[in-house]
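Please prepare a short briefing on the structure shown below. Lead sentences come before the grouped points.

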Amino acid sequence: MDVKIIMFREDGARRQFPVHPGSTTIGRGQDCTIRIPLAEVSRRHVEILLDEDGPVLKDLGAANGTYLNNRRIAEEDLEPGDQIVIGPVVFTVQIDGDPADDEIVQVRTKLKSRQAAGGSASGVSTSQHVDASPEDSDPISALEALASSSDQTAVNPEDDED
């Protein structure tokens with residue numbers, strides 16, 4: 001089973017992160033598989049568990065919560081096209097190539113339109129940044145470093161202790 005989570009920059013560029021069998025953790029902590037260095041993201045925010053039955057998204061007690069398709073969740077199975085919101089970052093789930101890349105762009109564009117109309121994908125404000133450095137002002141730019149090396153999805157963090 002080929003599972004990826006895909007995010008888009010405001011300019012339309014995309015980044016994809018493979019989800020490997022076992023556990024993939026997402027958060028701002030140095031020990032996470034995918035690191036999002038933003039204050040709105042807990043150190044260990046969420047985990048994606050992948051086994052032969054498919055991927056499962058599990059909130060790890062994040063203060064700001066984890067949202068799946070605009071609904072706060074504790075644990076849910078993931079389906080193709082699902083939208084995962086972690087702080088201000090939105091990922092689209094792709095499983096075995098479904099949804100196709102052009103469909104992912106359409107889903108992301110609809111979500112962006114709702115946010116621009118005054119809503120938030122998660123119901124949580126996405127405009128607050130605590131101790132945001134210039135690179136953190138654009139969460140997608142902050143994640144660019146995650147894909148800078150094909151062998152690693154973690155970045156050397158700046159000091160972002162609570």
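Thr 25 is buried, with a relative accessible area of 6%; buried means under 20% relative accessible area, exposed over 50%, and partly exposed in between (1.4 Å probe, protein chains only). The model is predicted: local features need pLDDT of at least 70, side-chain atom pairs count only at pLDDT 80 or more, and totals for chains, interfaces and linings use all residues. Residues are numbered from 1 along each chain as its sequence is written, and side-chain values use heavy atoms, with hydrogens and water left out.

**Strand 3**
- Thr 25 is found in strand 3, strands being DSSP runs (E, at least two residues) numbered from the N terminus.
- Not counting residues up to four places away in sequence, Thr 25 touches Asp 31, Cys 32, Thr 33, Ile 34, Arg 44, Val 46 and Glu 47; contact means heavy atoms within 4.5 Å.
- Gly 27 lies in strand 3 (residues 22-27) and is buried, at a relative accessible area of 0%.
- Beyond its neighbours within four places in sequence, Gly 27 has contacts that include Cys 32, Ile 34, Val 41 and His 45.
- Between Gly 27 and Glu 47 the C-alpha to C-alpha distance is 8.8 Å, with the two 20 residues apart in sequence.

- An open sheet is formed by six antiparallel strands in the order 2-1-11-10-7-8, where two strands pair if DSSP finds at least two bridges between them.
- Strand 2 (14-19) and strand 8 (71-73) are at the edges with a single partner strand each, so one side of each has no neighbour in the sheet.
- From one strand to the next, the twist averages 30°, with axes as lines fitted to C-alpha atoms and angles running from 0 to 180 degrees between N-to-C directions.

**Strands 1 and 11**
- Strand 1 (residues 3-8) and strand 11 (residues 89-95) run antiparallel and are joined by four bridges.
- Ile 5 is opposite Val 93 in strand 11.
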